[in-house]
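Open the model in your viewer and keep the selection panel at hand.

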Amino acid sequence: MRILVLNGPNLNLLGRREPDVYGHVSLKGLATDMMLAKPEGVEISFKQSNHEGEIIDALHDAYDYEGVILNAGAYTHTSIAIRDAISAIAAPVVEVHISNVHAREVFRHESKLAGVCLGVITGFGLNSYTLAMHALIEHWRNRHD
Ligand code: DQA
């Protein structure tokens, strides 16, 4: 089972960026945590980009993966192009956020992506990603048992 963890703009600064909101752990630390948490048989790859087109290319490259965990950062709230890329691929996509976007500014309450995702996990810090991984594994198992 292949899962892509795809992080969008400004998430390269994780650990240094607004640590009161996003915590002190870096993207590398997130990758280490996820590699430790993943069950056997699950292959996880990681990508981060600050560029909308590169995020779209990465989604296309994961066309037939068993899952994508996507934190599109601020593009969540603006990007029809990323929404269309999610709709275009066969892989189920889980939208994740580190912070609880609904407890923040009003402009973060709307997601252009959520309606074409398998589900949304928001507000659990970096655990949002591992929760999404388990959700994708369950989803895959339910379809293959
Ligand atoms: C975020 C929330 C977004 O609103 C914000 O633009 C981010 C990070 C989160 O993980 O909490 O860049 O996606």
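How far does a polar side-chain atom of His 97 lie from an oxygen atom of the ligand? Select both: the distance is 2.7 Å, a polar contact (a pair of N or O atoms within 3.5 Å). This is a predicted model, where local features need pLDDT of at least 70, side-chain atom pairs count only at pLDDT 80 or more, and totals for chains, interfaces and linings use all residues. Residues are numbered from 1 along each chain as its sequence is written, and side-chain values use heavy atoms, with hydrogens and water left out.

Next, pick Ser 99. An N or O atom in its side chain is 2.6 Å from a ligand oxygen. The protein covers 99% of the 320 Å² of accessible area that the ligand has on its own (Shrake-Rupley method, 1.4 Å probe). Move to Asn 71. Its side chain places an N or O atom 2.8 Å from an oxygen of the ligand.

Finally, hide the ligand. What is the space taken by the ligand? That space is the largest pocket. Its lining divides into six nonpolar, six polar and three charged residues.

Methods: A polar contact is a pair of N or O atoms within 3.5 Å; within protein, one must be able to donate a hydrogen and the other to accept it, and residues adjacent in sequence count only if both atoms are side-chain atoms. On a 1 Å grid over the protein atoms alone, a cavity is a set of points where a 1.4 Å probe fits but cannot get out, and a pocket is an open set with protein on both sides within 12 Å along at least five of seven lines; lining residues have an atom within 4 Å of a point. A molecule sits in a cavity or pocket if more than half of its atoms lie within 2 Å of its grid points. Ala, Val, Leu, Ile, Met, Phe, Trp, Tyr, Cys and Pro count as nonpolar, Asp, Glu, Lys and Arg as charged, and the others, Gly among them, as polar.
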